[in-house]
Structures are given as structure tokens and as C-alpha cells.
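Subject: Structure handover

Hello,

Here is the structure I promised to pass on. Please open it first, then read my notes below.

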Amino acid sequence: MIPAQFDYARANTLDEALNLLAQNEDARVLAGGHSLIPAMKLRLMQPPLLVDIARIKDLSYIREENGQIRIGAMTTHYQIESSDLLKKICPLLPACAAHIGDMQVRNKGTIGGSLAHSDPAADWPAAILALNAEMVAVSKNGERTIKADDFFVDLLTTALEPAEILREVRINKNGTNQSYAKMPHPASGFAVVGVAANLTMNGSNKCAQASIGITGVSSKAYRATAVEGALHGATLDDASIAAAAAHAADGTDINGDLFASADYRRHLAQVYARRAIAAACGRV
Ligand SMILES: Cc1cc2nc3c(=O)[nH]c(=O)nc-3n(C[C@H](O)[C@H](O)[C@H](O)COP(=O)(O)OP(=O)(O)OC[C@H]3O[C@@H](n4cnc5c(N)ncnc54)[C@H](O)[C@@H]3O)c2cc1C
């Protein structure tokens with residue numbers, strides 16, 4: 001449980017961090033350290049250099065700009081959980097944050113670190129997919145925007161290049177019919193299954209649009225497009241919600257492990273999809 005030897009550099013500005021990454025091919029960014037350090041202790045990761053970005057001030061913020069919500073990558077889970085602005089305009093984010101680990105984890109862990117890590121059982125990816133967020137990545141070569149649907153590539157793998165830093169998460173404001181439902185692993189607290197629902201409703205209880213993100217089930221979080229299709233245009237009641245949620249794991253390569261077999265996970269995905277959708281449209 002002791003990491004391999006590594007060097008450490010503290011960056012005071014984003015430019016400094018980007019220079020260090022550009023000069024050191026295998027270097028890794030250190031944010032809250034709550035995934036990276038455990039992985040290093042298990043020797044799953046052995047970066048020769050850690051570039052600490054925790055003291056870069058302008059990476060930690062939550063603000064509304066041009067109809068968008070903008071969240072700096074170093075914003076902690078707790079800052080999001082306790083944000084009055086987000087509770088009002090995007091309740092899915094504080095709801096999701098509240099499900100992450102314990103108080104210590106939420107105080108140190110960051111949204112950027114969690115997204116860049118792409119743990120298949122992490123909570124944020126489900127919410128970020130359901131919100132159709134965009135990730136702003138920056139490197140010495142400039143800045144680019146990556147859609148959530150393209151960001152999570154595989155187990156612990158994202159679309160970020162090695163010398164890129166995730167700088168900001170952007171979300172278009174699109175209503176508050178949102179919910180997150182999670183079955184936590186009893187030991188680790190990570191999601192056995194987590195479902196984020198983001199619905200656009202019209203006055204007559206009809207679902208005009210649905211975005212459903214699911215984590216914990218597969219090697220990476222995914223959009224449940226079959227559920228979304230079944231909800232689109234439907235009048236939402238117990239029967240239509242259950243019928244749509246039954247598709248939660250369609251077309252997915254489902255993980256099985258000692259705690260939850262693939263069949264059990266499929267069942268949980270359906271149950272938690274039903275709960276998240278029902279809560280998002282105010283039926284519970
Ligand atoms: C006991 C415990 C319980 C937990 N429970 C949960 C849980 O229930 N749900 C859940 O979702 N998570 C859980 N976590 C994980 C936690 O949320 C981590 O904080 C998070 O996954 C990583 O964020 P971090 O800021 O600590 O990143 P770090 O650990 O510092 O970094 C993680 C990875 O992302 C890279 N990285 C970090 N920031 C950036 C950036 N801005 N740009 C590019 N790359 C970057 C790093 O190089 C590293 O590879 C738990 C962790 C612990 C220790």
C-alpha cells in the first residue's frame with residue numbers, strides 16, 4: 001500500500017500546470033487525490049510526476065453565464081452539494097453530489113477529478129450525461145469543447161489527451177424536472193447502479209424530452225437511449241414509466257461481480273431508472 005516513487009510539483013497557475021504536463025509526457029494532474037492516490041497505493045497507476053492543481057484559484061467556481069451553468073473543474077463535491085444557485089436552477093447536481101462518499105470525500109474530491117478519472121461506478125458521469133454537459137479541455141495548444149456523450153470512452157478512459165486539463169463543465173439551463181437515484185455499494189459507497197433523469201415536461205404531464213444517464217452497470221456510464229425514446233411524447237404514469245425503465249440496460253455489456261451479478265444489475269438499473277424518472281416528474 002505504498003506508492004512507487006514519484007516527483008511532485010505544485011502549479012500556482014493554469015499555464016504553469018500546462019507547461020509541466022507538456023514537458024513531462026507521463027505526468028498526472030493531482031486534484032483532490034481521492035481516486036489518484038488510492039490507485040497509486042495499489043500500484044494501478046505509477047506516474048513519475050504529479051502536477052498539483054489544487055491551489056490554482058480560478059479553477060473553483062459555480063456561476064451562471066449566457067444561459068449556461070459553468071463549474072470550474074476544481075469545484076468540490078461539497079461546494080456543488082451546498083450551492084443555493086444550483087439547488088434552484090439545476091437540482092440534479094446537488095442531489096448527485098450528496099450521494100458521493102462521505103463528508104471527507106465530498107470536501108476534497110472535485111467534479112473535474114471524478115470526470116477525468118471515469119470510474120465506472122462514479123456518480124457524476126450519470127448526471128453529466130443526463131444534462132448533456134460540455135467539458136472544456138485546455139492544453140498548450142489551446143482549448144476545445146467535448147460533449148458529454150463523447151467524453152467517457154471506456155473504463156478509466158476519457159477523451160482527454162495526456163497533456164490536457166479539464167478546466168470547466170458547462171451545462172445549458174433546461175428546467176428542474178431532474179432526479180438522481182442510486183443503489184450504493186454497502187462497503188465502498190460507490191454506485192452499484194446510479195440513474196440520473198432530466199426531463200422536459202409540458203403542462204399536461206407529457207414528456208417532451210428525456211435524457212437518462214446510467215452509471216455502475218457497465219465499463220463506463222452511458223445514455224439510456226431506449227428509455228429516452230420510450231418516454232418521448234408519452235404521458236407519464238406508473239405504467240408508462242415502468243415500461244420505459246424496463247429498457248434501462250438494453251444493448252449494454254453489463255458488469256457482474258461478487259456483489260452483483262449481471263442479471264441483478266440489469267434488474268437494479270430498471271428499478272432505479274423507474275425511481276429516478278418518477279421523482280423527476282414529481283410522482284413521488
Ligand atoms: C472512501 C471513498 C469513497 C468514495 N465514494 C465515492 C462515491 O460514492 N461516488 C463517487 O462518484 N466517487 C466516490 N469516490 C471518489 C471521489 O469522488 C473522488 O474525489 C473522485 O473520483 C476524484 O476526484 P479528485 O479530485 O479526488 O481527483 P484525483 O484523485 O486527484 O484525480 C483523479 C484522476 O483524474 C485526473 N484529473 C484530476 N483532475 C483533473 C483535471 N482537472 N483535468 C485532467 N485530469 C484530471 C488525475 O490525474 C487522476 O488521473 C470515493 C473516494 C473515496 C476515497
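A word on patches first: they are made of residues with over 30% relative accessible area and no salt bridge, where like charges are joined within 9 Å and nonpolar side chains (Val, Leu, Ile, Met, Phe, Trp, Tyr) within 5 Å. Accessible areas come from the Shrake-Rupley method with a 1.4 Å probe, and for residues only the protein chains shown count as cover. A salt bridge is a side-chain nitrogen of Lys or Arg within 4 Å of a carboxyl oxygen of Asp or Glu.

This is a predicted model, in which local features need pLDDT of at least 70 and side-chain atom pairs count only at pLDDT 80 or more, while totals for chains, interfaces and linings use all residues. Residues are numbered from 1 along each chain as its sequence is written, and side-chain values use heavy atoms, with hydrogens and water left out.

Surface patch

Met1, Leu42 and Leu44 make up a nonpolar patch on the surface. Together they have about 400 Å² of accessible area. Met1 sits in the segment before strand E1 (7–10). Helices (H or I, at least four residues) and strands (E, at least two) are DSSP runs, numbered from the N terminus. Met1 counts as exposed because its relative accessibility is 70%. The cut-offs: buried is under 20% relative accessible area, exposed is over 50%, and partly exposed is in between (1.4 Å probe, protein chains only).

Pockets

Grid points are joined across faces, edges and corners, and a volume is the space filled by probe spheres set on the points.

The largest pocket has a volume of about 1200 Å³. Its lining has 49 residues. Ser35, Leu36, Gly113, Ala116 and His117 lie nearest its centre. H7 gives the largest share of this lining, 5 residues. By class, the lining has 24 nonpolar, 16 polar and 9 charged residues. Here Ala, Val, Leu, Ile, Met, Phe, Trp, Tyr, Cys and Pro count as nonpolar, Asp, Glu, Lys and Arg as charged, and the others, Gly among them, as polar.

The second largest pocket has a volume of about 270 Å³. Its lining includes Asp119, His185, Phe190, Asp257 and Arg265. That lining divides into 5 nonpolar, 4 polar and 3 charged residues.

Salt bridges

The whole structure holds 15 salt bridges. One joins Lys182 to Asp123, with the closest N and O atoms 2.9 Å apart. Lys182 lies in strand E11 (residues 177–184) and Asp123 in the loop between H7 and helix H8 (124–130), so the pair ties together parts that are 59 residues apart in sequence. Lys182 is buried, at 8% relative accessibility. Asp123 is buried too, at 5%.

Asp257 and Arg265, both in the lining of the second largest pocket, also form a salt bridge, at 3.1 Å between the closest N and O atoms. Asp257 is partly exposed at 42%, whereas Arg265 is buried at 6%.

Arg223 meets Glu228 in another salt bridge (2.6 Å, N to O). Arg223 is partly exposed at 21%; Glu228 is buried at 9%. Arg63, Glu65 and Arg70 are linked in a network of salt bridges.

Best wishes

How values were computed. On a 1 Å grid over the protein atoms alone, a cavity is a set of points where a 1.4 Å probe fits but cannot get out, and a pocket is an open set with protein on both sides within 12 Å along at least five of seven lines; lining residues have an atom within 4 Å of a point.
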